[in-house]
Amino acid sequence: MLRRLVLALIASLSFDPAFAAEARYLGSYSWVSDNDLVGGLSGLELSEDGTQFVALSDRAHYFMGHLTRGKEGVVSAVSLDAAVALVSEDGGPLPRYSDDSEGIAIAKNGQAYVSFESNHRVAQLDLETGRLVDLPKHPDFASLQNNSSLEALAVDDVGTIYTLPERSGAVGRPFPLYRFMNGEWDNTWSIPRDQDTDFLPVGLDIGPDGRLYLLERWFMGLGFASRVRRFDLGPDGPENEVTLLRTLTATHDNLEGIAVWADDDGIRLTMVSDDNFRFFQRTEFVDYRVIE
């Protein structure tokens with residue numbers, strides 16, 4: 001009888017998503033660029049092999065380049081190939097309050113998208129010219145909090161776009177997860193928000209495994225704590241939540257962008273920090289590996 005109880009307990013633990021995986025730290029690299037435009041990095045996309053990047057600044061620019069990876073595939077150098085300004089549909093500069101770019105996502109067909117705060121919206125991006133074409137807005141967007149809205153953005157293999165606001169209005173209230181598909185927004189899905197922490201969404205990606213990866217941060221006065229949660233995308237929304245990573249305060253800088261990719265050993269997480277253009281912060285590339 002006791003043996004059966006023990007075996008049942010082991011079986012229940014082995015299928016509990018909370019014990020399914022964790023992210024192991026591999027290394028970090030601080031990027032100091034000669035280009036004064038580089039900074040405030042809030043979004044990140046990588047090529048399938050993790051060596052080419054598109055990084056989005058929250059000051060209406062994006063940067064394209066190459067990452068050199070050393071031991072265990074950790075970033076060891078950054079080469080900047082291009083810095084491009086975001087421009088409006090007519091090719092002119094973005095108006096004031098319409099230039100707070102936060103999230104970037106690139107679909108399999110190469111179509112890029114950018115999410116914005118202040119003028120809360122998502123736009124298509126031409127990566128060659130920086131030209132933006134706004135998508136239709138969900139009615140909810142008009143009531144989102146200023147400087148706390150569409151920080152995170154992702155797109156899946158079939159072209160569905162995902163975004164969510166940095167704040168949900170109250171601690172414990174789920175974050176609405178908006179999906180753009182078939183030319184319109186759906187807001188029937190959500191992601192749980194803690195009652196006892198203040199982790200807030202800042203980065204989102206769909207991994208090569210088809211799962212949703214959410215990067216969150218918690219400002220704690222002397223620095224930032226970071227967390228990454230992973231979800232399966234079920235028929236009724238995100239499910240099987242797993243916390244892959246939760247750091248102590250000031251382990252890393254202000255991580256805001258996340259790119260999920262894979263090498264021969266499995267899933268990798270590469271994140272980038274927003275230095276807020278402050279001398280005491282840094283632009284940091286951080287690498288983790290998911291251990292199943």
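The second largest pocket in this predicted model holds about 380 Å³ of space. Its lining has 19 residues, and the closest to the pocket centre are Asn-147, Glu-166, Arg-217, Glu-256 and Asn-276. Charged residues account for 12 of the lining, beside 4 nonpolar and 3 polar ones.

**Second largest pocket: contributing elements**
- Two or more lining residues come from each of E6 and E15.
- Strand E15 gives the most to the lining of the second largest pocket, namely 3 residues.

**Largest pocket**
- The largest pocket contains about 490 Å³ of space.
- It is lined by 20 residues, of which Leu-46, Glu-48, Lys-108, Ile-206 and Val-260 are the closest to its centre.
- At least two lining residues each are supplied by strand E2 (41-46), strand E6 (100-106), strand E10 (152-155), strand E14 (200-206) and E18.
- The largest share of this lining is from E18, with 4 residues.
- The class breakdown for the lining of the largest pocket is 12 nonpolar, 6 charged and 2 polar residues.

**Cavities**
- The model has 2 cavities of 30 Å³ or more.
- The largest cavity has about 40 Å³ of space.
- Among the 15 residues lining the largest cavity, those closest to its centre are Gly-43, Ile-104, Leu-153, Gly-203 and Leu-204.
- Strands E2, E6, E10, E14 and E18 each give two or more residues to the lining of the largest cavity.
- The lining of the largest cavity divides into 7 nonpolar, 5 polar and 3 charged residues.
- For the second largest cavity, the volume is about 30 Å³.
- Its lining consists of Phe-175, Arg-193, Asp-194, Thr-197, Asp-198, Phe-199, Glu-216, Arg-227 and Arg-229.

**Nonpolar core**
- The largest nonpolar core is made up of 18 residues, and Tyr-213, Val-228, Leu-244, Leu-269 and Met-271 have the most contacts inside it.
- Two or more core residues come from each of strand E15 (212-219), strand E17 (237-246), strand E18 (255-263), strand E19 (266-273) and strand E20 (283-291).
- Beyond four places in sequence, Met-271 touches Leu-44, Leu-215, Val-228, Leu-245, Leu-255, Gly-257, Ile-258, Glu-284, Phe-285, Val-286 and Tyr-288.

- Most residues other than glycine have a negative phi.
- Ala-60, not a glycine, has a positive phi of about 60°.
- Ala-60 sits in the loop between strand E3 (52-57) and strand E4 (61-69).
- Its relative accessible area is 8%, so Ala-60 counts as buried.
- Ala-250 also has a positive phi, near 70°, and belongs to the loop between E17 and E18.
- Ala-250 is partly exposed because its relative accessibility is 46%.

**Confidence**
- The average pLDDT of the protein chain is 92, and 93% of the residues score at least 70.
- Where pLDDT is low, the predicted coordinates should not be read in detail.

Key
Residues are numbered from 1 along each chain as its sequence is written. This is a predicted model: local features need pLDDT of at least 70, side-chain atom pairs count only at pLDDT 80 or more; totals for chains, interfaces and linings use all residues. Side-chain values use heavy atoms; hydrogens and water are left out. pLDDT is the predictor's confidence in each residue, from 0 to 100. A nonpolar core is a set of buried Ala, Val, Leu, Ile, Met, Phe, Trp, Tyr and Cys residues joined through side-chain atoms within 4.5 Å. Buried means under 20% relative accessible area, exposed over 50%, partly exposed in between (1.4 Å probe, protein chains only). Contact means heavy atoms within 4.5 Å. On a 1 Å grid over the protein atoms alone, a cavity is a set of points where a 1.4 Å probe fits but cannot get out, and a pocket is an open set with protein on both sides within 12 Å along at least five of seven lines; lining residues have an atom within 4 Å of a point. Grid points are joined across faces, edges and corners, and a volume is the space filled by probe spheres set on the points. Ala, Val, Leu, Ile, Met, Phe, Trp, Tyr, Cys and Pro count as nonpolar, Asp, Glu, Lys and Arg as charged, and the others, Gly among them, as polar.
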